[in-house]
Structures are given as structure tokens and as C-alpha cells.
Amino acid sequence: MATSIGDDINLATKPHHTTLNQLILQFLPFALPPNILSHHLYALGVSHFHPLYAAFETSFRTQLRSNASSPRLAGILQELYVVDLERAEALQADIDVLLPASHRAPISDKVPRREAFQRHIQESLARKPHLVVAYTWIFYMALFSGGRYIRSKLRAGFGPSISSALSAGLHKPSGLAFWEFPGGHDGEDLKLEYKRRVTAVSSRLTEEERADIVEEGVYIMVQLADLVREVAEVVPDRAMALALEAPAHNVDPGFQGPLARIRPPWLLLVRSLFPFSAMEFLSTALGFMASRVPGQAVGSRPLPVQLRAE
């Protein structure tokens with residue numbers, strides 16, 4: 001009996017998962033209180049990934065409607081489609097809630113890696129529809145492991161200013177829709193059903209298709225790590241511009257973190273005195289503060305969680 005193609009993807013991408021884990025855990029704190037008062041940095045960062053979800057989900061639906069695939073492959077794609085797992089619409093709803101309209105404009109001229117990856121997704125899935133297995137496995141399953149950790153940090157960091165509509169029993173955008181799923185099981189039922197379907201179709205894939213899917217899985221993980229780096233380069237400067245333009249927008253008024261007294265003119269002064277990126281400044285400053293904690297060496301804190309596809 002053939003092993004699940006999901007297990008093959010996990011095995012092949014394990015070292016790349018480690019790299020991606022470290023990057024996310026390195027940069028996530030900069031988007032959370034007390035290092036920043038507003039959720040704009042998080043929103044700008046996660047908006048960077050919306051075109052990728054939109055690209056592969058649109059391509060997936062296109063293949064489902066197409067007659068180009070063989071009956072065998074068409075059946076595999078149909079079995080793998082779980083509409084409630086789709087994330088592009090939910091992510092766009094979060095962006096609309098969390099960002100002022102003036103800052104939702106694309107930044108394609110500054111994100112060449114994201115643009116290239118988006119084109120690759122569209123072209124690759126048009127040529128080889130079976131590669132959708134790699135995209136759904138990596139882009140969806142990660143939301144149930146590392147995604148839970150990220151969501152918990154967002155809830156704890158921003159409190160009522162970015163809350164869970166599902167847990168509150170509300171029917172309105174929450175800012176966390178990307179991380180939440182319909183039904184009473186918070187998506188765990190969807191995860192188990194999807195994994196069951198992946199296992200069921202694995203034996204119907206050819207050896208060449210399986211090799212393609214695993215190879216694409218590795219490519220996806222490498223690209224995601226590069227995109228996190230690209231976010232770290234591009235997004236902080238946009239977030240600073242947003243803070244200078246509308247510093248009070250959507251900041252939780254009850255937040256009293258240690259940086260609560262910092263005001264945009266101070267940030268502008270820092271930006272003029274230190275001509276490097278906002279991320280570099282934050283990294284340097286917070287690294288210095290961490291070095292002042294008695295008994296803890298800089299960089300000695302262990303990674304708290306593994307962000308991986310299950």
C-alpha cells in the first residue's frame with residue numbers, strides 16, 4: 001500500500017520547515033505588543049500572502065471546471081476539494097477590517113519574489129494540475145499547527161482590537177477569519193477529513209506525479225522562507241508610514257504596554273537619525289534589551305513551537 005503523499009511531503013520538506021519556523025518566530029514578535037501598539041504591521045505582513053492563496057485556489061477551481069484532465073486525475077482533484085478550507089476570501093476580509101483602504105494597494109514593485117511565486121503557481125498548476133496536492137497540503141495543514149500558535153499570540157497581544165468572532169458567537173469580520181473555520185470544531189474536523197482524502201488518493205497517483213508533488217513541496221517551502229524575508233524587508237517601512245499618517249487608527253485604547261508613550265514624531269526622528277530599515281532598528285534595539293536580562297544570553301531562548309504542516 002502506498003504511503004500518504006502528505007507524509008512524503010513532510011519528510012522531504014523537514015529541513016526547510018525548520019528554516020521557516022525560525023524566521024516566523026524571529027519576526028512575529030515585532031508585529032505584536034509590546035513591540036508595536038497597532039495591528040497594522042501584522043495586517044500588512046499577512047496581506048503579502050493573500051495573492052498566493054488566491055492564485056492556487058483560483059487555479060484549483062479552474063481545474064475542477066476544466067475537461068482537460070484525465071478522468072482519473074479529475075476524480076483525484078474533485079475528492080481533494082474541501083470548500084470550507086479555502087482561505088483567500090477570509091484573508092481578504094481580515095485585510096479589509098484591519099487596514100485603512102488607503103494602505104490596501106498592492107506593492108508589486110517592491111515584492112519581486114512574491115510576484116514571481118504567484119506567476120509560478122498559476123503556470124505550474126495549469127501544466128500539472130496534480131501539483132495542487134502540494135499547495136493544499138502545505139498552505140492548509142500549516143494553519144492547524146503553527147497557525148494555532150500564531151492565532152493565540154494575536155489574540156493575547158491585541159485583545160479586543162483583534163478578536164475571535166467565532167469564539168464570541170458573532171457574525172461579523174473579526175480580523176482573525178484567516179485562522180478560523182466554520183462549524184463547532186474549529187476546523188479540526190476539516191483537517192481530519194482532508195488528511196483522510198489525501199491518504200485515499202495517494203495510491204491513485206503515478207510515481208511520476210508523486211515525485212512532482214514532493215519536488216513542488218520543497219520548492220514551496222523554500223519560496224515561503226524567502227517571502228518571509230521579503231516581508232521583513234518591505235512591510236516595516238510601510239507600517240511606519242501608516243503610523244505617521246494615522247497613529248491612532250484601530251489601536252486598542254486599553255493597551256498600556258511599555259512603548260505606549262512612543263509617538264510618531266519620535267519614530268520619525270529615529271528614522272532620520274538611523275538610515276536603516278525599521279526591522280533592523282527594532283531587531284537591534286530589542287536584541288540589546290534582551291541582552292540586559294540577567295542570566296540570559298542573546299539568542300539563547302529556545303524556539304517555543306514547531307510551525308509545520310501536520
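## The overall picture

How many helices and how many strands does the secondary structure of the chain come to? The answer is twelve helices and zero strands. Keep in mind as you explore that this is a predicted model.

The chain has 310 residues, and buried residues make up 46% of them. Contacts within the chain tell us something too: take those between residues at least 6 apart in sequence, and 85% of them join residues at least 24 apart.

## Two helices side by side

Let us look at one pair of helices. Two packed helices are described by the angle between their axes and the distance between the axes. For helix H3 (residues 50–65) and helix H5 (residues 88–98), the angle is about 155° and the axes are 9 Å apart. Angles over 145 degrees count as roughly antiparallel, so H3 and H5 are roughly antiparallel to each other. Their crossing is left-handed.

Which residues of H3 and H5 make the contact? On the H3 side they are His50, Tyr53, Ala54 and Glu57, while H5 brings Ala88, Leu91, Gln92 and Ile95. Sorted by class, this contact of H3 with H5 has five nonpolar residues, two polar ones and one charged one.

## Arg197 and its neighbours

Next, find Arg197, which lies in helix H9 (residues 188–202). Its side chain is joined to the side chain of Glu193 by a polar contact of 2.8 Å. Leaving aside residues up to four places away in sequence, Arg197 touches Gln78, Glu79, Leu80, Tyr81 and Val82.

## Two spots in the loops

The loops deserve a visit as well. Pro34 sits in the loop between helix H1 (5–27) and helix H2 (40–47). A cis peptide bond joins Pro34 to Pro33, with omega at about 5°.

Further along is Asp186, in the loop between helix H8 (146–158) and H9. Its phi is near 55°, which is a positive value in a residue other than glycine. Is Asp186 buried, exposed or partly exposed? Buried means under 20% relative accessible area and exposed means over 50%, so Asp186, at 26% relative accessibility, counts as partly exposed.

Methods: Residues numbered from 1 in each chain as written. Predicted model: local features only at pLDDT ≥ 70, side-chain atom pairs only at ≥ 80, totals over all residues. Heavy atoms only, no water. Axes fitted to C-alpha atoms, helices over the stretch in contact; angles between N-to-C directions. Helix = DSSP H or I, 4+ residues; strand = E, 2+ residues; numbered from the N terminus. Parallel < 35°, antiparallel > 145°, perpendicular 65-115°, else oblique. Left-handed = near helix turned anticlockwise from the far one by under 90°. Contact = heavy atoms within 4.5 Å. Nonpolar A, V, L, I, M, F, W, Y, C, P; charged D, E, K, R; others polar. Polar contact = N/O pair within 3.5 Å; in protein donor to acceptor, adjacent residues only side chain to side chain. Buried < 20%, exposed > 50% of the residue type's maximum accessible area, 1.4 Å probe, protein only.
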